[in-house]
Structure formats: C-alpha cells, structure tokens
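Let's take a walk through a protein together, one stop at a time.

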Amino acid sequence: MTFAQPSRHLAAVPAPLLVMTGIVSVQFGGALAATLLPTVGVAGSVSLRLVLAAAVLCVIARPRLRGHSRGDWLAVCGFAVSLGAMNLCFYGALERLPIGVTVTIEFVGPLVLAAVLSRTRRDVAAVALAALGVLLVSGALSTDLASLDLVGIGLALAAGAWWAAYIIGSRRTGRCFPGLDGLAIAMAIAGIFVLPAGVLEAGAHLFTATALLKGAGIAFLSSVLPYSLELMALRRLAANVFGILLSLEPVAAALAGYIVLGEHLAAVRLFGMALVVAASVIVLGSGRAQTAEPTVEEAG
C-alpha cells in the first residue's frame, strides 16, 4: 500500500474513524517515546523518530530534489527547523510531565494560531477558556510555585509555538513541493541535524536493538501511520469536522499515558483538559478556522 494508492479496505473505512485511529496512534507513539527517554535521552529519541520516519517516507515518496528554486529550499529548511525544534521541545516536556498534561499545554499553539487567523470574538473567548484549562492542567492554580515544573511547562508551551510554526511551514512547503516530497525532505534534514546531538547524548545506547526497535515503533506510530490515514481521510472529510476530531488529541494522550505509563491525572486536571477540548471544538471546528488547521502527524 502507498499513500497515492490506498488499499480498497482502508478506502472503505469511514473517514472519521481513520482520523481517530491516527490520533490514537500518535499519542500511543508519544507514550512509547516516554519509555525510551530514560535510555537515550531527548535528542536520542528525537533522532530515532526523525531519521527512521524520514527513511520510510523517502522510500514511499521518492522526493525529487532537482528543479526547485532557492525560495523552495528556504521554505523546506524553515519547515525542517520547526519540525526538529517542535519534537525536541515536546520530548523535553514529556521527560518532565505526564503525556496528557504535555499534549494539552502544547495544543494551545495551534489553537491560538487558529483563533488569530479567524479573528472572531467567539474564538478569542475560546482561547481564554483554553488558557484557564491549561492553568488547571499545569497545576499552577493548585500547587505552590516551588513545586511546579516550570521547565516542563515552558517546554510544552514552546512545543506548541513550534507546532504553530510547523503548520505555517507545512503550508508553504506544500506549495513548493508536491505530495509528501516536502515532508520527507524536511524530516530528513531535521534528522540529519539532530542526529549528532543524539549520538553525543546517548552514545552506543542509541544503536542497541531495543532502542532501534522502539524508535521504529515511534516513527511508525507517530509519523508514518497517522499521516497516511490523515491523507486518506481528508479526501473525504470536511475540514471543520477534521478540526473537531483533532480536538480529542489531549484525551487520547491521557488515555495512552494511563494505559502505557500508568499515569493518573487528578480530577482538576481532567476538568482543565475538558475545557481545552471544548475550546478546541469551538475554534478548530469553525469553518472560519480552516486555514489554521494543524495536521495530526506531528501532534506529539
């Protein structure tokens, strides 16, 4: 099966189910990454994800490198920077915070971008609601300052900002490179630049069978599978419906954290997560916010 020629079986699956499967896949990939972080660290984990996913995407897409202008290459390199930085910040936060908390805070990035581009009072109010949700999820309203992991929260917010930059870069790159070419090239560039830091951080541990196997699983669950499912679904799914489904990312993350990592979230954090999901439904489910739509593939 290729991206261009999906199997008849997958083509018959309802588009919302494909999106939901992709969302769950991304978050379980993130939970799997949390188990790899203690072994190879942040840079090592990101290196394995990017390099292995890039290898698969380059084989599938076979991107054409010739015939592109300087502006095209500047666009894809900028896209690669946002891709690499987003993953480094996200995995750095994941090392310090539960995955449900990390994804909820990170989700503010694309949510704010969507609200800014739509410029309606309703969406601005929704972002304010999301901000309250993030405060509850982070524990800032129920924990003394000394006990808060401000570094982890800061990294999650930075990951959200880079996610917003990734969305913008993805659209610009998509106009310069056909199909999956831009994503495959950007992921390869990001992987090449992050890999030396991964080797320095993890050393020989990066190349053990366990690390490579987990890295392959993360690359498949967090990149290859969800992107393919999303691409198939968006051919048949309205953009605002996709946005509403995407709003369930924090919930899927909390579920993955509970099943894979045994992470339990207090009731106040779950309530805060519900506020963020509600705000996301308002903003990302709006037809006016379609231009700011993030992709499932790099949500975590």
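Predicted model: local features only at pLDDT ≥ 70, side-chain atom pairs only at ≥ 80, totals over all residues.

In which helix does S223 lie? S223 belongs to helix α9, which covers residues 209-234. Is this serine buried or exposed? With a relative accessibility of 1%, S223 counts as buried, because the cut-off for that word is under 20%. Its side chain has a polar partner: S223 makes a polar contact with the side chain of R49, at 3.3 Å.

The largest nonpolar core of the model holds 73 residues, and Y91, Y166 and M187 are the ones with the most contacts inside it. Which helix gives the largest share of this core? That is helix α2, residues 15-61, which supplies 13 residues. Apart from this core there is another one, made of 12 residues, including L229, M232, L245 and A252.

Now let's move to the surface. Here V51, L195, V199, F207 and L212 form a nonpolar patch, and together they have about 370 Å² of accessible area. One of them, V51, lies in helix α2. V51 counts as partly exposed because its relative accessibility is 33%.

Our last stop is about charges. How many salt bridges are there? The count comes to two. In one of them, the side chains of R96 and D149 meet, with 3.4 Å from N to O. R96 sits in the loop between α3 (70-94) and α4 (99-106), while D149 sits in the loop between α6 (121-138) and α7 (150-176), so this pair ties together parts that are 53 residues apart in sequence. R96 is partly exposed, at 44% relative accessibility, and D149 is also partly exposed, at 24%.

The other salt bridge joins the side chains of D123 and R122, at 3.9 Å from N to O. What about their surroundings? D123 is buried, because its relative accessible area is 0%. R122, on the other hand, has a relative accessible area of 45%, so it counts as partly exposed.

Conventions. Residues numbered from 1 in each chain as written. Heavy atoms only, no water. Core = buried A, V, L, I, M, F, W, Y, C linked by side-chain atoms within 4.5 Å. Buried < 20%, exposed > 50% of the residue type's maximum accessible area, 1.4 Å probe, protein only. Helix = DSSP H or I, 4+ residues; strand = E, 2+ residues; numbered from the N terminus. Patch = residues over 30% accessible without salt bridge, like charges linked within 9 Å, V, L, I, M, F, W, Y side chains within 5 Å. Areas by Shrake-Rupley, 256 points an atom, 1.4 Å probe, with all protein chains shown as cover. Salt bridge = Lys/Arg side-chain N within 4 Å of Asp/Glu carboxyl O. Polar contact = N/O pair within 3.5 Å; in protein donor to acceptor, adjacent residues only side chain to side chain.
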